[in-house]
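Here is a friendly walk through the inside of a protein, from its packed rings to its pockets. Keep the structure open beside you as you read.

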Amino acid sequence: MFYTSAHGTDPATDAREVLGIGAATWDRFVVVPEFPAGDGVTQALGMSEQGGGPVATALCVMAALGTPARLLDTQGDDATGRAILEELRMLGVRTESIAIHPGARSALAHILVRQRDGARHIFFQPADCPEPDAEVILSKSFGKVGLVHLNGRHENTARQVLAWAKEAGVPVSFDGGAGRYRESIRDLVLGSGLRILAREFACAFTGASSLEAAAEALRGDSPELLVITDGVKGSWIWPRGEASFHEPAVAVADVVDTTGCGDVYHGAFLHGWMQQWPAQRCARLASELAAETAKYVGGREAIRRIGSSVNR
């Protein structure tokens, strides 16, 4: 096992960064007229490849907008892993905390995208690498982290970092994606003070049947921030000590693909939070960039187009 070399400027001189613990993937997209129902041949309407993974993509957004970001992960030394690392570096994410395991397999996903509505069907092969060792990575650098961002991957590593974050007074955000709740990560959600959750995740976590009931339960321990997202219906935001509000989704006339929209929302919202923006401004930027993402195939294409003009 070895670690990748540092990318970007000297970490000792950087602003406080966001440390993400999550699994970066390589995604291969195939745009199809309809999902296949059985044997047969379907002509692809388009193909593309790019990196993915909820935490990794959120970090790419933050880095593109100007917030220093670093990923704690583990990859193989295969072609897939090399592609993952290359794109992360290109988009400005620090990669020196990614452990590389010779001979191991990196995570790969094949994603069918239905042309008429951007719906997806994902075939996912996870990496077979061991979890990263947080103690090795963070022993000398944890003090400069301004936010830890989790989504439940690398569970044991995340618990280790969560304990250190609590001791150091570093805030923790949790990304609860639709269809991703499992009982084993309950403590990670409760350990976070910034919770940005899909409605499906929030209801599964609380056992509630409505968004309102789920929000009431999730606010029971007074987190600093609760956000519940619900696709085209927008998002609901409860900042601690402030009035709650609803942020409408930004309409997209012709949706191409919804992959990564939630991840981009997280990254944009947390960028604003790191800049100490009001919650309304964070939510607006997050909604705008999530909508922009839906105009392209994959979650990373819009990030490449962000540029400094969106850093406002």
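Tyr265 has a relative accessibility of 6%, so it counts as buried, the cut-off being under 20%. This is a predicted model, and the values here are computed from it. Phe269 is buried too, with a relative accessible area of 1%. Both residues sit in helix 8, 4 residues apart, which puts about one helical turn between them.

**Rings in pairs**

A pair of aromatic rings is described by the distance of the centres and the angle of the planes. The whole structure holds 4 aromatic pairs, and the table shows two of them.

| Pair | Distance of centres | Angle of planes | Type |
|---|---|---|---|
| Tyr181 and Phe205 | 5.8 Å | 85° | edge-to-face |
| Tyr265 and Phe269 | 6.1 Å | 25° | stacked |

Where do the partners Tyr181 and Phe205 lie? Tyr181 is in the loop between strand 10 (172-176) and helix 5 (186-190), while Phe205 belongs to helix 6 (residues 199-206), so their pairing ties together parts that are 24 residues apart in sequence. Tyr181 and Phe205 are both buried. Together with Phe174 and Phe201, they form one aromatic cluster.

In soluble globular proteins, nonpolar side chains tend to be buried together. Here, the largest nonpolar core has 49 residues, and Tyr265 and Phe269 are among those that touch the most other members, along with Leu59, Leu71, Leu88, Ile237 and Leu289. Several elements give two or more residues to this core, including helix 1 (54-65), strand 5 (69-76), helix 8 and helix 9. Helix 1 gives the most, with 9 residues. A second, separate core of 32 residues includes Val170, Phe201, Cys203 and Leu226.

Take Leu71 as an example of the packing. Beyond its neighbours within four places in sequence, Leu71 is in contact with residues including Val55, Ala56, Leu59, Leu88 and Ile98.

**The pockets**

Now for the open spaces. The largest pocket has a volume of about 1,300 Å³. Its lining has 48 residues, with Arg120, Thr258, Gly260, Cys261 and Gly262 nearest its centre. Which element gives the most to this lining? Helix 8 (residues 261-274) does, with 5 residues. By type, the lining divides into 20 nonpolar, 19 polar and 9 charged residues.

The second largest pocket has a volume of about 270 Å³. It is lined by 13 residues, and these divide into 9 nonpolar, 1 polar and 3 charged. Helix 8 supplies the largest share of this lining as well, with 3 residues.

Technical notes:
Residues numbered from 1 in each chain as written. Predicted model: local features only at pLDDT ≥ 70, side-chain atom pairs only at ≥ 80, totals over all residues. Heavy atoms only, no water. 1 Å grid on protein atoms, 1.4 Å probe; cavity = no way out; pocket = protein on both sides within 12 Å on 5 of 7 lines; lining within 4 Å. Points joined across faces, edges and corners; volume = space filled by probe spheres on them. Nonpolar A, V, L, I, M, F, W, Y, C, P; charged D, E, K, R; others polar. Core = buried A, V, L, I, M, F, W, Y, C linked by side-chain atoms within 4.5 Å. Buried < 20%, exposed > 50% of the residue type's maximum accessible area, 1.4 Å probe, protein only. Contact = heavy atoms within 4.5 Å. Phe/Tyr/Trp six-rings, centres within 6.5 Å; stacked < 30°, edge-to-face > 60°.
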